[in-house]
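Please keep the sequence and the structure in view while reading.

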Amino acid sequence: MQRQRLYYFTFSDKLTKRIETLQVIASTFSEALPRAFVHRHNLNKQHPKSNWDVVGLADKDFYNER
């Protein structure tokens, strides 16, 4: 059994006030952060005036039986 964490990133667009979440399974926060950065980059490409930022982060233990 490998111990990992489930990270919940909450993104908010300042222009539209929309909220979106991303769930990432990773061993550490630094392992999860690049995936969140790529997701934010993709969100910002949806509209020329998009400005998505991470406004919340939560995590909990996640056990992956492999």
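The model is predicted. Its largest nonpolar core has ten residues, and the structure holds five salt bridges.

**The nonpolar core**

- The ten residues of the largest nonpolar core are Y7, F9, F11, L22, V24, A26, A32, A36, L43 and W52.
- At least two residues of this core come from each of three elements, namely β1 (2–13), β2 (19–26) and α1 (29–44).
- Leaving aside residues up to four places away in sequence, L22 touches Y7, Y8, F9, F11, R35, A36 and H39.

**The salt bridge between R5 and D59**

- R5 and D59 form a salt bridge in which the closest N and O atoms are 2.6 Å apart.
- Because R5 belongs to strand β1 and D59 to strand β3 (residues 52–64), this pair ties together parts that are 54 residues apart in sequence.
- D59 has a relative accessible area of 38% and is therefore partly exposed.
- A network of salt bridges links R5, D59 and D61.

**The salt bridges of D53**

- D53 meets the side chain of K14 in a salt bridge, with an N to O distance of 3.4 Å.
- This pair connects distant parts of the chain, 39 residues apart: K14 is in the loop between β1 and β2, and D53 is in strand β3.
- D53 also forms a salt bridge with R40, where the closest N and O atoms are 3.1 Å apart.
- Here the linked parts are helix α1, which holds R40, and strand β3, which holds D53; the two residues are 13 residues apart.
- D53 counts as partly exposed, since its relative accessibility is 22% and buried means under 20%.
- R40 is likewise partly exposed, with a relative accessible area of 25%.

**The buried residue D13**

- Which side chain of opposite charge is nearest to D13, a residue that is buried yet has no salt bridge? That side chain is R18, which is 5.6 Å away.
- The cut-off for a salt bridge is 4 Å between nitrogen and oxygen.
- D13, which lies in strand β1, has a side chain that reaches the backbone nitrogen of N51 at 3.1 Å.
- The residues that D13 touches are R18, S50, N51 and W52, not counting residues up to four places away in sequence.

Conventions: Residues numbered from 1 in each chain as written. Predicted model: local features only at pLDDT ≥ 70, side-chain atom pairs only at ≥ 80, totals over all residues. Heavy atoms only, no water. Core = buried A, V, L, I, M, F, W, Y, C linked by side-chain atoms within 4.5 Å. Buried < 20%, exposed > 50% of the residue type's maximum accessible area, 1.4 Å probe, protein only. Helix = DSSP H or I, 4+ residues; strand = E, 2+ residues; numbered from the N terminus. Contact = heavy atoms within 4.5 Å. Lys, Arg positive; Asp, Glu negative; His and termini not counted. Polar contact = N/O pair within 3.5 Å; in protein donor to acceptor, adjacent residues only side chain to side chain.
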